[in-house]
Structure formats: C-alpha cells, structure tokens
Amino acid sequence: MEFVVFWVPAVLAVGCGALVFRFDSMARATFSLLASLLCTGGLVVLLGLDYLGVVVVLMMTLEMSVMAVFMVMYMMNPAGLTPMTMTHNTRAAAVVCGLLFALLAAGILSAPWPDRRGRPPDDPTLDLGMSLMGPQMLTMMTLAMALFATIVATVVLATRRGRYDRLGDGLRARRADDPVPGGVGR
Amino acid sequence: MDLRGRIVRAALGRPRVLAAVSAGATERRLAVEAELARRGWPCAAAPAEADLLVVAADPGPGTAGAGTADWVARLWEAMPAPRARVPLADAGEAAAVLDHGLAELRRRGGARHGGGHRGGHAPAPPAGSPDSPQDPDGPHAGHDSGLVDGLPLAGRADDRDGLRLDRLHLPLGPALPDWPAGLVLRVALQGDVVQRAAVEADPPGPGRLPFWNEPWLRAAAGERVARGEAARRLCAAHLDSLGRFFAVTGWPDLAARARYARDRALGGAGAAELSALVRPLTRRARGSRTLRWLTAGVGVLPAGRARSLGVAGDAHGRMLGWLDAVARAASACDDGAPLAADPAVGPRGPVHGPVPASRALLDALPGLLEGAEFACARIVVASLDPDLDELARAPLPGAAHG
Amino acid sequence: MSAEPFLLLAAALFCVGLFGALTQQSIVMLMMGLELMLGGVILAAATVWRHFAPATADGQVLIIVAVTAMALEMAVGFAVVTALFRSRETDMTDMAAELKE
Amino acid sequence: MAEHPPSWAVFALPVLLAAVALVTAGADALLAAGARAGPARSPREAAARAAAPARGVLRELVRQPRRTRAADVALVRVGAALLPVAAMLAGVVLPLGFRSVSDLPEGVVWYNAMEALAWAAVWLAGWGPNSALSLIGGYRFLAQGLAYEVPHMLAITTAALGAESLRVGGVVDAQSGLWFAVWMPAAFGIHLLSALAMAFWGPFDRPAGRDVAGGAAAELSGVDRILLLGGRWLLLVVAAAMSVPLFLGGGHGPLLPGWAWTVVKTAAVLAFLLWARRRVPALRMERWTEAAWVVLTPLAVVQALVVAVVVLHR
C-alpha cells in the first residue's frame, strides 16, 4: 500500500515534470507542471506535513492558473500548434543535469545519514506556527517584507500608467481616467 | 430496449431550441419565443446545447441570401446528434412547426440508437464561436503567420494597454443569444477586449414591413390604426429590447419577466393587466443600485450625438428611457382613437426619416465598441438595440402595400 | 518508508527542472524550470524534517520560504516579461517619434 | 467531539451532494420558468418545470459529444471532470451534524485548496475547445478568481481564528454558544459572496454567461457538459453548505438532532442564495475586481483583526 502511495505520485511528478518541456502546447505545459507540483504536494502530505502539503496544492493551483494566462499572452506561438523549437544547448544541459543527478544520487545513497533526532510533535502545524510567529517572528517579517517589496516592484515594472496619469497633475481628479472605469473609481 | 426508448423519449420531451433568425423575421421570432415559453421548452444559447433548429430566415436579396444559407448551415453542422431542423415560414405556424420538429427529433433519436447510421463521428464544425462559424482564427492561433490545421494564425497589433498582443478576428453574430437579428459585427479581439469593430448589417428581403414600425407605416398609408395598437406595439418593442438588455447584463429573472410581459402585450392583454406586469418590473429595474453601478458609464455617447439619435447618454439612461416609454405605452393600450399619421415615431425613432433610425444607431456602434471588454460590448449593443428590419428599403407613405 | 526514495525523487525533480531552465530560451519556460527545481527543494526539506530532524520546525520553515520564493519568482518574472513586451514597443515608437523631428 | 463516520459514508457523500444539487437546480428552474411564463397552472406543470435539470442530464446522456476544430480534447475532458471531483473532495470535510467523511486536522485549508482547483478546471474547459467565446469564459473565471479569492481566504481564516482550530469540527465546537455569523458578519457575508463566485453562479455567472453563449460550457455537449455544469451546482452546494459549519453553528441548535439542524441551515442558505440571485444582475469583473480589492479585502482584514483581538482577550 505504502509502495503504491509513494511510487504513483513519484512517477507522475517526474513524468509530468519532464513532459513540461516536451509538450508543444503552452496550456499543456503549464498544466503538466501543475500536475507535477500537485504530486509533490501530495508527497509532502505523505511525509506527515498535512498543512504544508495542502498549502502547496492551493498555492500551485492558483499560480499555475494565472501562469497559463500569461503563457498564452506572451509566449511566441501560444498554442504551439506548430512544433516549438525554442531550446538551446540541449545536449550540454542534458549532460550537466545527468551528471548532477548521478552525483546527487550517489551522495544520497552513500551518505551516512544520521539517525532521527527527536520525534515529530503531535501537531506539526502548531510547531510551524510557533516558529514562524513565535517570539521573534524573524522569518515571517522577512517574508512579509519580501512579498511587499515584490508587490511594489512588480506593479512598477508592469504598469504603464502611474497615478498622475490616472488622476491628473496634483491628483485632483475625482474619478480616475482609466480605459475601463473600475467599480470604485480610484 | 423499451427502457432505452423511454429514456430517449423523456430526454427529448422538451428539446432545447435554437432559433436562427434573420433580419425581417421579427414576428416569427416572437411567435417562436412565446410558444417555447408556453410549452416550457428551453432556448439554447449555443448550437452545442441545441436539439432543434428552427430556421426563421428569409433568403435575402442577392448575395445576402447565400450568406444566410451559409450561416444557418454552419449552425446546423455545429449541433450534435440527435438533432432536427425545421423551417418556419409564417408566424402563425410556430406551434405546428415545433410539434413537427419534436416528432422529427424523436424519430431521429430512436433511429440513432436503432440503426446507428447517424452515429460515429460528430461533425467537425469550424473553430471560433458557435455563432460566428466563418471565424478563421481560433484563439489557439499563434503569432506566426501560416496555417495550422487549415486555420490561419492570429497576428499582433497595437492594443489598448500598449502590449501588442495577439489579435483575433472574428464575426459576432448573427446567431448569438439576445442579439439583434441579422447583425454581424466583425471585431478584432485581444483577450476579451474589442479593439476594432465594423458593422455588417444584412438587410432583410423586400416585401415585409418592419414589424415594430408596422402600425405607423400603416397609418401613414391611410389605413385606420387605433392608437392603442400603436402603443401596444411600442410597449412590446421596448419590452423586447429590455428583455435583451437584462439578459445581457445577466439578470435572467428580469429578462424573463420583461419577455413574459412582451408576450402578453402582443397576445392582447388589457391595459390594466399590462400595467400590473410592467409596474414591478420598472420598480425593480429603477431601484436596483447594482444595475446602475454596473451599467452607468457604459457606452457613453457625447450629448449632441445622443440627442440626435434620440437616446440617452449611457446604457443605464437608455434603459431608463425604455422603462418610461413602456410604462406610458402600457397604460395607453386600450385607446381606440385613430392614430395620427403625421408624427410617425416608432420604437427606434421617426419612421420616415431620411435615414432609418436603426441605421444611425448602427453607425454609432463601432466607436462605442472600441476598447470595450466583451461584456461591455454586449451591453452597448443591447442598449442601442438597432432593429435591422428597418433597413429594408423604407416603403414610402402611400406605397406601403406596394 | 526510508528517506532515500524521497531524496532521490527530489533530486530527480531538481535535475529535470534544471534541464528545463538551462535549455529553454523563453523567460516564461525558464521560470517553469525554476518552479520544478523549487518543487524538488520542497520535497527534500519535507523529507529531512520527517526523517532526520522532526523535533524542530526548520524543515517546515524552509518549505514556507520555498513556496514564497516560487510565488515571488513568478510575480517578478511576469512583471519583467510585461515590461519587456511594453518597452520593446515603446522603444520603437520613440524611434519613430525621433525620426519625425 | 467528532465521531468516526461509517465507511460507507465515502460512497454516500457523492450521492447525497448530487441529490441536493439536483433539488437546488430544480427549485431554480421552477423559479425561472415562473418568471418567464407566469405561475404554473397545475402541480403537474410545476413538477415538469422542476424536473428540467434532471431531464437535461438525461438529454445530454443520449447526445453525442462533439468536437470543435483543432480542439485540445484531453484538456477539455480533464477540465470538465476536475470540477465535480474538486467539489466532492471539498465536501469531504463537510459535517452532517457532527460527523464528516473525514474531519481533517486542517479541513479549512483543505476546503480552500480543493475549491481552488476550479480555477484550473474552468480555464481548461474554456481553453480546450479552441473557440473564442468559450475562452472568454475561461478568462473571466480567472479574473473572478483573482477578485474573490483573497477576501474569501481571509474570511475562512477568520472563522478558523475565532475557533483557534483549522479543523472544521473544531470550528463547529467553538460555536456551541454564539454563532460566528453573529459576531463576524462581514466574514460571513464575504463567504457567501465567494461561494457564489467560486461556483460561477448567480450574480457571478459571467464565466458561463449567456452573453458569451454559455462561456466555458459553450462548446460542450454530452457527458462533458453534465460534468462541468453539474460540477458547478455541486460546488455551489458544497460552498453554501460549508457556511453552515463555519459560520452558522453547524449542527448546534435546540430540540432537533445535529444532522437535522445541518440540513435545515443548509437549505436556508441555499434558498437565500436562490432568492438573492433573482434580485441582482450579474457582476462584471471589470467593476467588481476593484470593489473586491479596495473594499472587501480591507473589510476582511479588519474583521480578522477584530476577531483576533477578541480571541486574545478571551
């Protein structure tokens, strides 16, 4: 049973991951990546981290769905109805990756892994919460700052119109001048 | 096998009907819609969900006739089996034609499972929207020029947001749900934003009076027409427009009520009954702050232009105008006095203007549609609701019977 | 189950992702490769937490960081692509405007 | 306090959810027909009207599936099938009374993750047929998702915060006294809105709206159509039913047993949604997104803050 529960998602994860770069349709590539990451999330649950596994599933579903739209918008040849050859250095990359995998595998199989120290807490989610939001909150604060900076940076990068374009010099306009008026008018 | 036959029978008992309506067939469309509502048969929004195709399309003059045959044939191709198709030549035959269609559908539904000769491959209709079968570019088309699977690929062009994304050319209409019959808009879409639109109106064949203008035209021709009859027609015309408007803004409940009132108006209900039907409709539509929030500021016409077209400045205002006119007309339905021939103002505007009122509305469309998102574009079209019947060569006063 | 199969799988995901990231020309596809690599990291972190250090939450925190990194990488990636798409066109119109003068 | 359910519950859940979905759809069809053709003249006519969804299912079963040109059939199939599966999986944590099929330790997050699968499902079903209108439906759902998801997450987080538990059973237990709907009304309202939005139904039905000829479902026929449109009803039922354990006290109530209270409350929520749908036009995302981000999200944050302060001082 355990064998099936591990190997089915494992094979699917790697298989779908490889297919991402084989498919010539953007939609298929994106959702193949999603399938791969969903399997990863499932395996994280299998490892006893229910909360994080489900969060991975949630985040990846939302991310990949949005990604699909950007893919269709920006990729050359969105549907990839014509075969897509947008690769370079395939051979060198294959050699590098093969070597890396061999190296990692050798390391994994030969390393003298330490014994387990301690035992899992009853509620790993509580444990995670305490270490994220506990006395210091350092990790959480850093992540929050990073997220905030990203929001600002991405908006600056992606938008063409600033608030002076929208609300006029001096920001006096009562309603923003947008190509499509929003619901609140700001 | 009897069980299977019964399942097919039950399943097809109330088929979904798709009406293919060309310009000039307004009366037949109304008859079909009223009959469907009476029987509780659903109206299909797209060929994929339709079982029965009712063709109320005249072969128009010249090339337009060939065009009509073409789009109807494509609709038919896009319907999955079991399916049936019936022509409707006269509004009075609607009930008989639907009965015939149902019998035909049941026969085919049975035959498919018996003989299986209709089974096998589903037809492969062209890509694009179900109602715009000539659309050559599916959205799967890419940047590169060339053909894939026989479909040309989309090119890039300037867009509203300065990104130069793929542009998709496709015709909207003539068989979109809640769409003016006969209207085809050739639009360039980027995502769901209309970048450019051109109107292609298929004028109806000669020989039929525009249904909504009929009382005024007849009065102008010297016939005695009761004022109440004109008011009734006006009321029904605006209720029809309101039905479309509400359907397109996504308020199916109010759309259904408007259409029920319209069917009653055309079915000869008295002024009291009509007013009772119209009053709650008006109150709800007027009182809905959500509707105002959603449709105010959509499809804004400059004041002068709006005045010359005889409509209000934005979609919400145009809807309010219809509501007022409907309420007024509903109470005047029983007026027996003769209709004066002179200020012949039909539902869309003056009946005898140098240019048909709907032509002016059509000319206003492309400018309003550019840069609008698809949903807004639909609302703009529904809020102007041009009547393509009017584009037939307008019969001169006194020659209406010619 | 023991830790090795999980770690091998994580390594495989990482390498497949790396292959994609190295070979793909377009930024978007490159990001897909990065996502896969981070998927491998997530799996490895979960394995390490489970099999070697369950008493502390370090492995879990690492997963949170990796998930955040994925989100950030995607957001920034698409913002950059959007900016590129836009600037390429504005460059061209700027040039056109200069020519006119 | 959650008891272990019998093993047949796994099989009973889909049947039960489908039955509730069919009844809800029937009630909606009855109301719709009443608006279009006047009140039913006989009980027989009313029954025939209410049977419309069931007849629709039969009808699609005898119909051929159809294919559009250059369609990606595999993606359509995956998308259409994913929607009901996601709804069922989300329903796993739904308690009937005080028992659910599986009271997962982080049931609230599970529910959120499963309904999020609808994003992928609807987009795939819209993209697959290679048809402009159906793709517009797919795009619209993603825009809708971006609008509703953040307030929605905050709303259900608020419920979990109030109960200090991510377990749905725990949230129900915390409401043995005061219902959450009473002291977190904003979160409750937002959850109802997002229930409609995630099922792209009612005022949020634009992804499958009639103005795009059925949107994501425009090109589907046969089993695919049943799966997508049925999945949508299932999602609506699950999301509406979820508001009962999260905000309306689950099975808590006087006199009646827990399961009966769950049924009564779920029916009340569904009836309210059916009624509300008839009162409001559909919300377009180009207007709604801004409202959701500028008004609802801060509102949800403030609500969560208030609840957090209350919980700290309890």
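## A walk through a four-chain model

Let's start where chain A meets chain D: 25 residues of chain A and 28 residues of chain D take part in the contact, with two residues counted as in contact if their C-beta atoms, placed from the backbone, lie within 7 Å. This is a predicted model, in which local features need pLDDT of at least 70, side-chain atom pairs count only at pLDDT 80 or more, and totals for chains, interfaces and linings use all residues. Residues are numbered from 1 along each chain as its sequence is written, while chains are lettered from A and ligands numbered from 1 in the order in which they are written.

On the chain A side of that contact with chain D, α2 and α3 of chain A each supply at least two residues. Helices here are DSSP runs of H or I with at least four residues, strands are runs of E with at least two, and both are numbered from the N terminus. The most comes from α3(A), with 13 residues. By class, the side of chain A that touches chain D has 16 nonpolar, six polar and three charged residues. For the classes, Ala, Val, Leu, Ile, Met, Phe, Trp, Tyr, Cys and Pro count as nonpolar, Asp, Glu, Lys and Arg as charged, and the others, Gly among them, as polar.

Now turn to where chain A meets chain C. That contact takes 66 residues from chain A and 60 residues from chain C. On the chain A side, at least two residues each come from α1 (2–20), α2 (26–46), α3 (50–74), α4 (90–110), α5 (124–133) and α6 (138–158). The largest share is that of α4(A), at eleven residues. The side of chain A that touches chain C is made up of 46 nonpolar, 13 polar and seven charged residues. Chain A itself is split into domain 1 (1–80) and domain 2 (123–177), with bounds that come from an automatic or database domain assignment. The C-alpha centres of these two domains of chain A are 27 Å apart.

Chain B comes next, with 13 helices and nine strands. Of its 402 residues, 58% are buried; a residue is buried if 20 or more other C-beta atoms lie within 10 Å of its own, exposed if 12 or fewer, and partly exposed in between, with C-beta atoms placed from the backbone. Among contacts in chain B between residues at least 6 apart in sequence, 68% link residues at least 24 apart. Its domains are domain 1 (2–114) and domain 2 (211–391), and the C-alpha centres of the two domains of chain B lie 27 Å apart. Where they meet, eight residues of domain 1 of chain B are in contact with nine residues of domain 2 of chain B. The domain 1 side of that contact in chain B has four nonpolar, two polar and two charged residues.

Look in chain B for an open sheet of three strands, in the order β1-β2-β3 with parallel pairing. Strands β1 (17–21) and β3 (84–87) of chain B are at the edges with a single partner strand each, so one side of each has no neighbour in the sheet. Two strands count as paired if DSSP finds at least two bridges between them. β1(B) and β2(B) have five bridges in the parallel sense, and B:Val17 sits opposite B:Leu52 in β2(B). Across the other pairing, β2 (residues 52–56) and β3 of chain B are parallel over four bridges, with B:Val54 opposite B:Val86 in β3(B).

β8(B) pairs with strand β9 (residues 193–201) of chain B in the antiparallel sense over eight bridges. B:Val184 has B:Glu200 in β9(B) as its bridge partner. Two residues lie between the strands of this hairpin, where B:Gly191 takes a positive phi near 60 degrees.

Finally, chain D: D:Ala213 lies in the loop between α9 (185–198) and α10 (223–247) of chain D. D:Ala213 is buried, with 30 other C-beta atoms within 10 Å.
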